[in-house]
Amino acid sequence: MTNATGREQLHKRNLNLVLQQIFNNSIISRIDISHTLNLNKSTVSALYNELDKKGLLQEVGSGQSTNVGGRKPVLVKINEQYGYTISFDLGFRHLHVMGNYLNGEVFYYQRIELGSRDIQKILGMIDHQIKVSMQNDQTKRGLLGIGFSIHGIVQDNQVINSPFIDMKGVDLVGRYSTKYRVPVLLENEANLSGVYERDFNDGKDKNNIIAISIHKGIGAGIILNRQLYRGVNGEAGEIGRSLMFTENFTGSKNDKVEDFCSEDAIIEQVEVQTHQKNLTREDIVQRNRAGDKVVQSELKHFTYAISRVIYNVAISFAPQELYLNSPLIEDIPTLFDDIVDNAQKLGMKIPIRLIPHSGYATLLGCCSLLTHRVLDMDEYNLTFTSQK
C-alpha cells in the first residue's frame, strides 16, 4: 500500500508539473516539456494524454522540425474554454464582478452601485450575476469556482471581521458551494492585491513583495517566498490598525494609522474644514483638479504620512518591491511622485510601484487563487498574462 501511495503521489506531482509548464507558457511542445522537466518522452506523452482527455489542453499547430528532420512537434496551450471562474469584490459603495476563463483572460467585468449595504440585497445581486454568467456560458465545463474579495479579516475561508458590511449569520462558503457545487474562496482584498502582483504583474519574477491597499482603510498583502503570509487569525497586514505615535498627530492615544492616511481620513478632514458632508473620492479628485487649497493641503499631509507608513513596512519586511493599490493615487498621479520622493528622502531604497487598473487587481488575485484551487495546484506557481 505504501509503494502504491508513493507511485500515486509521484504520478500526481509529474502530472501537475506538466500542466504547470503548459499553463506558464503561452505555447509549448511535448519535447520542450520533456527537456525542461527532465522526464522521458513516453512519460510526458502519457501525462499529456491524460490532461488532454480532461479537456484542459488545446493544440494550436506544429513547430519547427529539428536539423535532422523528423516529425514536427505539436504545439499546445491551456484550453481557456475549459471553464470559467467568477469573482466578487464586496466594496463599500460598489459590488465589483469579474468573470475569467481558465487562463485568467477577462471576459466580463462590471461595477454595480450598491445603494445600501444590506447583505441580503447584495446576495441577491451576486445570485443574479452568477445566473447571468451561467446563461451565457459556452465553455466545456462551465462555472468552476466562485471567489470573494473581503474588505476585512478572513481566516480559514470564513469572514472574521467585516467593518463595512454586516455579514453576521451569513455563510458565503456554505451558501454558494451547496448551491453550485464548486469551490468557494474568501480572501482579504489587500492579500489579493499581493497575489495579483505575484501572479499577473511585475512581481512574477520576485519572491518577496508587499502590496499596500489604500481605500477606506489600509492593509498590506504580504508575499514571502512566493507564499501569501496571513499570520495568526488572518490578521497579518492590518497596518491601518497600527497606532500613530508621532506627537505631531494629536488626539486619542488610540489614534490609528488609517485615521490619518486612508481615503476616509482625507475626506473627513476636508468635510470638517469646508463644512460639507457626504463627499466622495471623486469629489476630492475634482476639487484637487480645480485647485482647492483645503484639498491640496490635506493631500500633502496624506503623502507625508503614508510615505512614513510605507517606509516602516519596508524596513520591517525588506521586500524586493513594494506596490500601492489606491484608486485615489491612480486618479491623482502626482501623489505617487510625492510619496516616492518622501520615502526616498527617508532613506528608502526599495522600489515602489503603483498598481495599474486598481479596480481589477483584487479580482484578478481572486481569479488566481480560484484557478490554483480548481486545478488542485495550490502549492504550484502559476503565472498569468497581464490584463490591460
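This is a predicted model: local features need pLDDT of at least 70, side-chain atom pairs count only at pLDDT 80 or more; totals for chains, interfaces and linings use all residues.
Mentor: Residues are numbered from 1 along each chain as its sequence is written, and side-chain values use heavy atoms, with hydrogens and water left out.

Trainee: Which domains does the domain assignment give, and how far apart do the C-alpha centres of domain 1 and domain 2 lie?

Mentor: The bounds come from an automatic or database domain assignment. This assignment gives domain 1 (9-66 + 73-78), domain 2 (84-195 + 360-367) and domain 3 (205-358). Between the C-alpha centres of domain 1 and domain 2, the separation is 32 Å.

Trainee: How are α2 and α3 oriented to each other?

Mentor: Helices (H or I, at least four residues) and strands (E, at least two) are DSSP runs, numbered from the N terminus. Axes are lines fitted to C-alpha atoms, for helices over the stretch in contact, and angles run from 0 to 180 degrees between N-to-C directions. Helix α2 (residues 30-37) packs on helix α3 (residues 41-54) at about 120°, with axes 9 Å apart. Angles under 35 degrees count as roughly parallel, over 145 as roughly antiparallel, 65 to 115 as roughly perpendicular and the rest as oblique, and α2 and α3 are therefore oblique.

Trainee: Which residues make the contact of α2 with α3, and how many of them are charged?

Mentor: Contact means heavy atoms within 4.5 Å. R30, I31, I33 and S34 of α2 meet K41, V44, S45, Y48 and N49 of α3. Ala, Val, Leu, Ile, Met, Phe, Trp, Tyr, Cys and Pro count as nonpolar, Asp, Glu, Lys and Arg as charged, and the others, Gly among them, as polar. By these classes the contact has four nonpolar residues, three polar and, as charged residues, two.

Trainee: How are α9 and α10 oriented to each other?

Mentor: Helix α9 (residues 281-289) and helix α10 (residues 293-317) have axes 8 Å apart, at an angle of about 110°. In their contact, I284, R287 and N288 of α9 meet V295, Q296 and L299 of α10. Given the angle, α9 and α10 are therefore roughly perpendicular.

Trainee: With which residues is R281 in contact, leaving aside its neighbours within four places in sequence?

Mentor: R281 is found in helix α9. R281 and D264 are 17 residues apart in sequence, with C-alpha atoms 8.6 Å apart. The contacts of R281 beyond those neighbours are E263, I267, P327, L328 and D331.

Trainee: Which strands stand at the edges of the sheet of five strands?

Mentor: Two strands pair if DSSP finds at least two bridges between them. The open sheet has mixed pairing and the order β13-β12-β11-β14-β15. Each edge strand has a single partner, so one side of each is left without a neighbour in the sheet; these strands are β13 (227-229) and β15 (352-354).

Trainee: In the sheet of three strands, which residue is the bridge partner of Q58 in β3?

Mentor: This open sheet is antiparallel, in the order β1-β3-β2. Five bridges link β2 with strand β3 (residues 74-78), while α3 lies across β2 and β3, at about 115° to β2. The partner of Q58 in β3 is K77.
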